[in-house]
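Subject: Structure handover

Hello,

The structure is below, with notes on what was found in it after that. Please read the two together.

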Protein chains: 2
Amino acid sequence: MEPSPMPDRPNPIRETDDEARALALRLIEGARIAALAVADPATGAPYVSRIAVGLVGGAGLAALVSALSLHTRALRADPRACLLLGEPSGKGDPLAQPRLSLSATARFVPPGDPEDARLRAAWTALHPKSRLYLGLPDFAFVLFTPVSAALNGGFARAFALAASDLKLS
Amino acid sequence: MEPSPMPDRPNPIRETDDEARALALRLIEGARIAALAVADPATGAPYVSRIAVGLVGGAGLAALVSALSLHTRALRADPRACLLLGEPSGKGDPLAQPRLSLSATARFVPPGDPEDARLRAAWTALHPKSRLYLGLPDFAFVLFTPVSAALNGGFARAFALAASDLKLS
């Protein structure tokens, strides 16, 4: 995971501290959308799309996804995912603003499962407009279990976080 | 590439028309940042991070990347990339706003190549703050040749574009 340091540049990864852990958690808690990267099931090539996400107490980081979308079919074939969390504010340099590349394993929640009912209630609070499609039969919840994360707190402020640094519930 | 239609939902992919092609081109032309998905060279797992991008006349869609970053090492090992272009405005439902998942092949521009000099001049016009690190020896330009793209113009406005629909220069 560690990049090879260049002879003329120090290793850019800082030692993980409580400030970095707190920033990562704030980015996860505050996220309502994410860029979701998956492996295309037909080719294995990377694919990225925008999805709605939300941290649900007791369940973790969740998304509501349609069976019609490529990312859903991809995660059913290969549950390895990576989510980019932390949207630019629209002011200043977006690359100076913090974001998290969260590598995770996806798990689908079976419709009708008690966990599905709990997630539906929490989801409409996080995403009021989701009522429009929450009842469509091809939508299902997916939960993301963190594996590791790369936190970029701005230029030259990079951290490599382990799953143990990311206590989500 | 086409999702399997559900028995109770029509196939959501519309026929590509000039309006869709023009919207895709506007998203590429307007992009200054992107979520870049690559395959992690150690594991093959998807990885996504935020990078600066820009469309450079005569060259195409370009990014300036550091050899210290995972995405750069990933693209050197496997040039298959996907870029999510089109940032949410910050107002309204972000999933109702247009974005493009652009699948592409990455090609690194050798430092000292005449193309590198042309890109440096164009890049500072697109990204004035890049002067801070444009001279660092571990930064290089990468050009993305489109392979295909998924355009999402908002809920139920999805298009599957071919490379021939994306004339970048």
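To start with helix α2 (residues 70-77) of chain A, its buried residues are Leu70(A), His71(A), Thr72(A), Ala74(A) and Leu75(A). Buried means under 20% relative accessible area, exposed over 50%, and partly exposed in between (1.4 Å probe, protein chains only). The cover over these residues of α2(A) includes β2 (33-39), β3 (46-56), β4 (60-66), β5 (80-85), β6 (99-108) and β7 (139-152) of chain A. Helices (H or I, at least four residues) and strands (E, at least two) are DSSP runs, numbered from the N terminus.

This is a predicted model, in which local features need pLDDT of at least 70 and side-chain atom pairs count only at pLDDT 80 or more, while totals for chains, interfaces and linings use all residues. Residues are numbered from 1 along each chain as its sequence is written, chains are lettered from A and ligands numbered from 1 in the order in which they are written, and side-chain values use heavy atoms, with hydrogens and water left out.

On the pair of chains: a rotation of 180 degrees with 0.0 Å of shift along its axis places chain B on chain A with an RMSD of 0.0 Å, by least squares on the C-alpha atoms of residues with pLDDT of at least 70 in both. That is the relation of a two-fold axis. Of the contact residues of chain B, 100% recur in chain A; contact means heavy atoms within 4.5 Å.

Each chain is represented in the contact, with 51 residues from chain B and 51 residues from chain A. Together they bury about 4200 Å², 65% of it on carbon and sulfur atoms; this is the accessible area (1.4 Å probe) that two parts lose on being put together, summed over both. In chain B, Pro46(B), Arg50(B) and Leu68(B) lose the most area to chain A, together 20% of what that side buries. Between the chains there are zero salt bridges, a salt bridge being a side-chain nitrogen of Lys or Arg within 4 Å of a carboxyl oxygen of Asp or Glu.

Over all chains, the whole structure has ten salt bridges. One of them joins Arg21(A) and Asp165(A) at 2.7 Å, N to O. Arg21(A) lies in helix α1 (residues 18-30) of chain A and Asp165(A) in the segment after β8 (158-162) of chain A, 144 residues apart. Arg21(A) is partly exposed at 28%, whereas Asp165(A) is buried at 14%. Asp18(A), Arg21(A) and Asp165(A) are linked in a network of salt bridges.

Regards
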